[in-house]
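Here are my notes on this one, as promised. Have the viewer open while you go through the points.

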Amino acid sequence: MSGHTASVETILCLPSMRSAPWPTSPEQLYVEYGETVWGFLRHMGIGASAIDDAVQEVFLVVHRKFSGFRFESTPKTWVLGIALRVAKDFRRKAARYQRLFDPTHDPESTTWSRAMAPDETLAARQQWQALCACLDELEQGQRRVFVLVDLQGCAVKEAAEILRVRPSTASSRLQVARRIVNAWVERMER
């Protein structure tokens, strides 16, 4: 060899697989994906009273496991996989305490950082309640893939990785979920 040493990134071809720099700290992941995690957890049924705790739990896990992140998936996939498991835990705990859905939803917590005018608050509350009613009609596997792909913007392959299922399974669940959602929307428009 001519004295050239290859980095782990070069050996694993990581630079060619990414379009943006990989985060170097859990704090960067929070800045990059905090809002995404917040929205994902809300769509997964975490109530307004528990959302801040759930987001904090996700990023505590990210912080604990960051040094072991092996770059086998994208950072977004890794963080949303953690968020999915946190959502499952929170929903399980909520069911124990009969708080699966928070009927006293605080409309001010339907956005990540922006305060809303009263008319926007009412519209947001109505939209949120409609979305929750629609999502509640989906089986959990369908709901998860629908939220990841159609509401969070993940690719089906990425959602399959997060959910730890085959891409064909994720695609099938997504198709069923979309049919159910479309039928629900048609019923609401009548």
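1. Let's begin with contact range. Among contacts between residues at least 6 apart in sequence, 68% join residues at least 24 apart. Bear in mind that this is a predicted model.

2. Now the overall layout. The secondary structure amounts to nine helices and zero strands, so the pattern along the sequence is simply α-α-α-α-α-α-α-α-α. As for burial, 42% of the 190 residues count as buried.

3. Next, the core. The largest nonpolar core has 46 residues, and Val-37, Phe-40, Leu-41, Val-58 and Val-79 are the ones touching the most other members. At least two residues of this core come from each of H3, H4, H5 (75-96), H6 (118-136), H7 (140-151), H8 and H9 (167-189). The largest share is from H5, with nine residues.

4. Val-79 deserves a click. If you set aside its neighbours within four places in sequence, Val-79 is in contact with Leu-29, Tyr-33, Val-37, Val-58, Phe-59 and Val-62. Several of these names turn up again in the H3 and H4 contact list, including Leu-29, Tyr-33 and Val-37 in H3 and Val-58, Phe-59 and Val-62 in H4.

5. On to the H3 and H4 packing. The two helices pack at an angle of about 140 degrees, and their axes are 10 Å apart. Since roughly antiparallel would need an angle over 145 degrees, H3 counts as oblique to H4. Their crossing is right-handed. On the H3 side, the residues that meet H4 include Pro-26, Glu-27, Tyr-30, Gly-34, Trp-38, Leu-41 and Arg-42. On the H4 side, Ile-51, Asp-52, Ala-54, Val-55 and His-63 are among those that meet H3.

6. How many aromatic pairs does the structure hold? There is one. The ring centres of Tyr-30 and Phe-59 are 5.0 Å apart with the planes at 85 degrees, so this is an edge-to-face pair. Tyr-30 sits in H3 (residues 26-43) and Phe-59 in H4 (residues 51-65), so the pair ties together parts 29 residues apart in sequence.

7. Are the two partners buried or exposed? Tyr-30 has 38% relative accessibility and therefore counts as partly exposed. Phe-59, at 10%, counts as buried.

8. Last, have a look at H8 (residues 156-163). Its buried residues include Glu-158, along with Ala-159, Ala-160, Ile-162 and Leu-163. Just after H8, Arg-164 adopts a positive phi of about 60 degrees.

Technical notes. Residues numbered from 1 in each chain as written. Predicted model: local features only at pLDDT ≥ 70, side-chain atom pairs only at ≥ 80, totals over all residues. Heavy atoms only, no water. Phe/Tyr/Trp six-rings, centres within 6.5 Å; stacked < 30°, edge-to-face > 60°. Helix = DSSP H or I, 4+ residues; strand = E, 2+ residues; numbered from the N terminus. Buried < 20%, exposed > 50% of the residue type's maximum accessible area, 1.4 Å probe, protein only. Core = buried A, V, L, I, M, F, W, Y, C linked by side-chain atoms within 4.5 Å. Contact = heavy atoms within 4.5 Å. Axes fitted to C-alpha atoms, helices over the stretch in contact; angles between N-to-C directions. Parallel < 35°, antiparallel > 145°, perpendicular 65-115°, else oblique. Left-handed = near helix turned anticlockwise from the far one by under 90°.
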